[in-house]
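This report describes the strand arrangement, the helix packing and some backbone features of a protein model. The sequence and structure are shown first.

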Amino acid sequence: MHRRNLTAADGESWGGLGLELPPATEPGLRPRTANGNLIVLSQGPRVVLTGRIDDDRCGVEYSRTDHYRSPIAPLRAAEACAVAEACAVAEACAVAGPGGPSWYARWAHRFAGALHARAAGPLHEGRWVLSPRLAREGMAPAAGGPGGQWRSLLLDGHPDGYIDWFDGSWRVMPLRRMPPPDDPRVKACRKQAREGILLWWFSGLNCHAVLDGHARLGAAIAENREPAVLVLSRAPSREQTGARTDRALSTYRLTMSLLDGPHPVTDRQGLAGAAGRLLAAQLHSLKADYAPTRAWPLPSGPPARPRPVP
């Protein structure tokens with residue numbers, strides 16, 4: 001697996017971790033589809049989740065099992081202490097501590113190594129991104145602070161539930177039952193230094209699935225603080241990224257040619273600066289853009305190559 005640190009929009013700070021996996025890399029957590037509306041998520045031989053998309057494509061009914069296991073090995077005591085000390089030093093030195101770029105970078109590399117080592121997660125051949133970015137642009141703040149916001153987004157009814165794709169917000173799907181606030185694991189997480197929570201963008205359900213950190217997410221909600229999450233998502237191919245880059249550059253060149261034309265333009269310098277900033281933002285977003293989740297046909301279906309889930 002090849003790793004590449006990505007810069008944020010400012011071109012300097014850490015903005016994500018790009019991953020590229022070689023051909024024939026098989027996922028341990030694999031979505032399968034059939035008949036255009038059936039989704040089955042399996043981890044090895046065990047079924048983790050089944051879902052059926054509405055005929056009118058307004059949402060999906062789902063049912064979870066108790067077979068999901070995190071692909072991330074638990075932190076050993078010595079490693080947990082080292083992370084806590086590093087975060088404490090960073091905060092004391094006014095460097096990016098928990099929730100800051102360097103802290104996220106530390107956890108992104110740890111998650112990438114753990115996912116690659118155990119092969120029980122969704123990674124397969126191709127390009128991926130681990131970043132703090134969430135697909136929740138335009139979401140209205142909820143009452144009750146961060147805890148209330150995340151509590152309202154959790155799909156924590158177990159085992160069955162429904163995702164309404166027209167409710168105006170993205171949702172968060174725990175792949176196993178969320179522990180209650182009085183669970184010993186949640187209590188332990190509330191006393192420890194903040195640890196990363198790993199989400200996976202699953203476009204077939206149009207939501208983020210919790211890969212690792214169910215108890216830590218529960219602890220953050222109980223403490224009414226913003227959880228420190230990293231999102232794993234497929235990235236567009238090199239060809240797709242190249243085509244989008246070319247379009248962004250063409251638009252920028254066209255804008256600059258119009259500004260340099262014979263017609264008078266008010267505040268030419270300001271407009272040129274705005275066009276440059278827009279180009280920089282577009283090029284940055286391409287580095288951490290989402291691509292559809294790949295799914296495989298169910299064994300009973302006709303032979304076919306893996307295809308994106310709608």
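## Sheet

Seven strands form an open sheet in the order S1-S2-S7-S12-S10-S11-S9, with mixed pairing. Strands are DSSP runs of E with at least two residues, helices are runs of H or I with at least four, and both are numbered from the N terminus; two strands pair if DSSP finds at least two bridges between them. Strand S1 (2–7) and strand S9 (171–174) stand at the edges with a single partner strand each, so one side of each has no neighbour in the sheet. On average, neighbouring strands are turned by 30° against each other, direction ignored.

The model is predicted: local features need pLDDT of at least 70, side-chain atom pairs count only at pLDDT 80 or more, and totals for chains, interfaces and linings use all residues. Residues are numbered from 1 along each chain as its sequence is written, and side-chain values use heavy atoms, leaving out hydrogens and water.

## Pairing and helix packing

Strands S7 (residues 126–131) and S12 (residues 229–234) run antiparallel and are joined by four bridges. Ser 131 stands opposite Val 231 in S12.

Helix H3 (residues 145–153) packs on the sheet, touching S9, S10 (197–202) and S12, where contact means heavy atoms within 4.5 Å. The direction of H3 makes about 70° with that of S9; axes are lines fitted to C-alpha atoms, for helices over the stretch in contact, and angles run from 0 to 180 degrees between N-to-C directions.

## Backbone features

A cis peptide bond, with omega about 5°, joins His 158 and Pro 159. Pro 159 lies in the loop between H3 and strand S8 (160–164).
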